[in-house]
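Here is a short report on one protein chain. Look at the sequence and the structure first, then read on.

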Amino acid sequence: MRQVLQLLLDLLYPPKCVICRRLLQKGETDICADCLEGLPNFEGPAPQVDCADDVVVTFFYENDLRESFLRFKFSGHDHYGKLYGRWMADRVLERIGREFDFVSWVPVSRKRRRRRGYDQSEILARVIAEKLAIAMYPALQKHAERGPQSHLHDAAQRKENASGAFSMAPGASVSGKRILLIDDIVTTGATLSECCRVLKLAGAERVSCALFASPRERWTT
């Protein structure tokens with residue numbers, strides 16, 4: 001019955017590549033062969049994030065991958081997160097392993113979550129936690145609704161905008177814990193630095209950050 005339903009859905013809504021949106025060919029799943037081969041894998045030294053013990057980035061944030069991510073974050077394509085999260089989990093395993101007590105994420109504000117309908121970093125964290133077989137734990141809350149970091153291009157402005165925007169979630173305890181913290185895009189690292197600072201002040205033993213992508217020009221110029 002499930003196979004029949006899937007066939008009907010494929011006829012009504014033919015599966016498309018999450019990157020270029022072309023119809024997938026037989027044998028392709030989620031992404032076409034051309035886009036898979038051309039993924040802009042992150043290379044070079046990891047971004048500097050204050051208070052972080054490790055930082056792992058999966059891709060450079062550019063071209064068709066950037067457009068795909070924007071659909072995921074702002075246009076309701078939350079199902080993209082399953083593939084994105086698996087890619088991120090593979091990079092985490094490759095670079096820093098799975099020795100964590102739990103996976104957490106950099107949350108959006110409650111207002112933004114209501115407007116968007118979901119938290120994109122939480123979706124990524126859930127997929128990564130499942131693939132790594134590690135518990136998922138909501139350690140942080142964003143209690144200040146401010147303008148988005150993406151609208152600020154100056155590092156000092158981003159740092160000021162992020163300062164004090166996060167705190168520990170009610171009842172959360174991270175004392176002595178090794179945390180894998182998930183976020184989507186890192187540019188200057190201001191938001192991540194603030195979250196890592198909050199977690200370390202709360203007693204976290206180690207905070208490792210895993211990011212979906214970062215702009216190439218931030219680390220190659």
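## Exposed or buried

A residue counts as exposed when its relative accessible area is over 50%, and as buried when that value is under 20%. Keep these cut-offs in mind. The model shown here is predicted.

Start with E99. E99 sits in the loop between α4 and β2. Its relative accessibility is 56%, so E99 counts as exposed.

## The chain as a whole

The chain contains 9 helices and 6 strands. It has 221 residues, and 47% of them count as buried.

Now take the contacts between residues at least 6 apart in sequence. Of these, 74% join residues that are at least 24 apart.

## The cores

The largest nonpolar core holds 37 residues. Which of them touch the most other members? They are I31, Y84, W87, L180, I182 and F212. Several elements give two or more residues to this core: the helices α3 (63–74), α4 and α6, and the strands β2 (102–105), β5 (178–185) and β6 (206–214). The biggest giver is α4, with 7 residues.

Look at W87 in particular. Set aside its neighbours within four places in sequence. W87 is then in contact with I31, L39, T58, F59 and F212. Another core lies apart from the largest one. This other core has 27 residues, including V49, A165, M168 and C195.

## Helix α4 against α6

Helix α4 spans residues 80–95, and helix α6 spans residues 120–132. The two pack at an angle of about 55°, with axes 8 Å apart. Helices α4 and α6 are therefore oblique to each other. Their crossing is right-handed.

Which residues meet here? From α4 come G81, K82, Y84, G85, R86, M88, A89, D90, V92 and L93. From α6 come I123, L124, V127, I128, K131 and L132. By class, this contact of α4 with α6 has 10 nonpolar, 2 polar and 4 charged residues.

## Helix α4 against α3

Helix α4 also packs against α3, at an angle of about 125°. The axes of α3 and α4 are 10 Å apart. This pair is therefore oblique as well: α3 and α4 are oblique to each other. The crossing of α3 and α4 is left-handed.

S68, F69, R71 and F72 belong to the α3 side of the contact. They meet Y80, G81 and Y84 in α4. The residues of this contact divide into 4 nonpolar, 2 polar and 1 charged.

## A buried loop residue

Finally, find V18. V18 lies in the loop between α1 (2–12) and α2 (33–37). Is V18 buried or exposed? Its relative accessibility is 7%, so V18 counts as buried.

What does V18 touch, not counting residues up to four places away in sequence? The answer is D30, S68, R71, Y80 and L83. Of these, S68 and R71 also take part in the contact of α3 with α4, as does Y80. V18 and I31 are 13 residues apart in sequence. Their C-alpha atoms are 5.6 Å apart in space.

Methods: Residues numbered from 1 in each chain as written. Predicted model: local features only at pLDDT ≥ 70, side-chain atom pairs only at ≥ 80, totals over all residues. Heavy atoms only, no water. Axes fitted to C-alpha atoms, helices over the stretch in contact; angles between N-to-C directions. Helix = DSSP H or I, 4+ residues; strand = E, 2+ residues; numbered from the N terminus. Parallel < 35°, antiparallel > 145°, perpendicular 65-115°, else oblique. Left-handed = near helix turned anticlockwise from the far one by under 90°. Contact = heavy atoms within 4.5 Å. Nonpolar A, V, L, I, M, F, W, Y, C, P; charged D, E, K, R; others polar. Core = buried A, V, L, I, M, F, W, Y, C linked by side-chain atoms within 4.5 Å. Buried < 20%, exposed > 50% of the residue type's maximum accessible area, 1.4 Å probe, protein only.
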